[in-house]
Amino acid sequence: MPVIIIFIIVVLLLALQKQVYKKFWSKGLSAQVKIRDQFLVEGHETELTEILTNDKLLPMPWVHLKFQVFRNGKTDNLFRSDVFNILFRQQITRTSKITLERRGVYQIKHLDLLSYDLFITSKFVKVYDNYAEVTVYPALVEKEIFDVPYEKMMGTMATKRYTMEDPYLFKGIRDYQPQDSFKSINFKASARSGKWLVNTHEYTVDQTVHVLLLTDKSSNFYDEGIYEAGLRLAGALISRLERDGIAASFYSNGLDSIDRQEPELGAGCSENHIASVLEVLARLDLNATGTSGCEAVYQLQEKRRAEDYYVMICPYRNEDMIQAYDELRQYTDACQWIAPVSAVGYSEMSERERALENEIEDFYFYKV
């Protein structure tokens, strides 16, 4: 008889605690995950902080905190699951170090809390909203890697700066010379002096370098590392230009991983503009291409400015792309093409392909 009574009491206690936990387990229970840094460079370390709070008198011996980390809108197979044993009126904070190896915008949008009753006979689940985000910039290549094309660019721009006059910045009047155009003659001053005089103007300094990062591919099987290297090169080039006091703009026919648009940033020359470019590069989806690279180059020809410089970073080197670049050069000599290629790919390249550096003016291989 006592055994039966004990059994009944045990069953009642089990049923009672099950109902109590079912009704009250989530009351006063909250969770939050934070990331210490807002901006980071790929390969660098940051801290992840998990905060679990149980603001009630019911202890929670088994609580699983689970979440997935989205990178550029995709799960990227980044998951986390931690177990907590939290008493009543208690808050637990855990901090761990994580290294984010790849560029992108990392987000933790939701948290899953799983709990049980005291005897793990019932499972309870609740989803909590969470906001944690860090933008991981691409690691930039060393500036020495592209010294040769950079110095060539600076030389071309310097030449243009001192050969192109700005018609809106009047400088003075001088004697007419045979190479002067008829429209530069100042007729009033010439009439007063009895000889031909011409207007002179200040040289223009409104020069911009336009960087195009083109993501065209010959097939679905390609070396992603080459395109990532091109992306890092674009970021390093723009950073160096703007820190040297030269305005730079950016365009890519790769799609933004969040809004699925082709990113385009107007010219700027500041640390804030550099940060904007790096954020765009962090979000870029190299697997998706919008406008073809050839079409992008043809569109560029229509809105080109004689005083500006154009840099095309593109590993893809088919005949159509070569023709598009050649036509660009017919409109302006202030342009260059940098083609990232793997060291292995370069060593296995045909003599015909290697000859591109000599056959195409201002064409450079960037060996990754």
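Trainee: Where does isoleucine 6 lie?

Mentor: Isoleucine 6 is in helix α1, residues 2-24. Helices here are DSSP runs of H or I with at least four residues, strands are E runs of at least two, and both are numbered from the N terminus. Keep in mind that this is a predicted model: local features need pLDDT of at least 70, side-chain atom pairs count only at pLDDT 80 or more, and totals for chains, interfaces and linings use all residues. Residues are numbered from 1 along each chain as its sequence is written, and side-chain values use heavy atoms, with hydrogens and water left out.

Trainee: Okay. Is isoleucine 6 buried or exposed?

Mentor: Isoleucine 6 is exposed, because its relative accessible area is 52%. The cut-offs are under 20% for buried, over 50% for exposed and partly exposed in between, with a 1.4 Å probe and protein chains only.

Trainee: What box do the C-alpha atoms fill?

Mentor: Roughly 135 × 55 × 30 Å, taken along the principal axes. The radius of gyration is 32 Å, whereas a compact globule of 368 residues would have one near 21 Å. That radius is taken over C-alpha atoms, and the globule rule is 2.2 Å times the number of residues to the power 0.38.

Trainee: How many helices and strands are there?

Mentor: The chain has 10 helices and 18 strands. As for burial, 46% of its 368 residues count as buried.

Trainee: Let's go inside. Which residues touch the most other members of the largest nonpolar core?

Mentor: Met153, Val209, Val211, Leu237, Leu241, Phe250 and Val311, out of 35 residues in that core. A nonpolar core is a set of buried Ala, Val, Leu, Ile, Met, Phe, Trp, Tyr and Cys residues joined through side-chain atoms within 4.5 Å. Elements giving two or more residues to this core include α2 (147-161), β11 (208-213), α4 (224-243) and β12 (247-252). Helix α4 gives the most, with 10 residues.

Trainee: What does leucine 241 touch?

Mentor: Leaving out residues up to four places away in sequence, Leu241 touches Tyr150, Met153, Met154, Val209, Ile246 and Ala248. A contact means heavy atoms within 4.5 Å. There is also a second, separate core of 28 residues, and Val33, Leu40, Phe84 and Tyr128 are among its members.

Trainee: I clicked on leucine 113. Where does that lie?

Mentor: In strand β7, residues 104-116. Leucine 113 counts as buried because its relative accessibility is 0%. Among the residues it touches, with those up to four places away in sequence not counted, are Trp25, Leu29, Leu52, Phe124 and Tyr128. Leucine 113 and valine 127 are 14 residues apart in sequence and 6.3 Å apart in space, C-alpha to C-alpha.

Trainee: And valine 297, which helix is that found in?

Mentor: Helix α6, residues 293-302. Valine 297 has a relative accessible area of 1%, so it is buried. Leu214, Met312, Ala324, Tyr325 and Leu328 are what it touches, not counting residues up to four places away in sequence. From valine 297 to glutamate 327 is 9.0 Å, C-alpha to C-alpha, and the two are 30 residues apart in sequence.

Trainee: New topic. What is phi of arginine 89?

Mentor: Near 50°, a positive value in a residue other than glycine. Arginine 89 is in the loop between β5 (74-86) and β6 (90-99), and it counts as exposed because its relative accessibility is 53%.

Trainee: What about arginine 260?

Mentor: Arginine 260 has a positive phi of about 60°, although it is not a glycine. Its place is the loop between β13 (254-256) and β14 (264-268). With 38% relative accessibility, arginine 260 counts as partly exposed.
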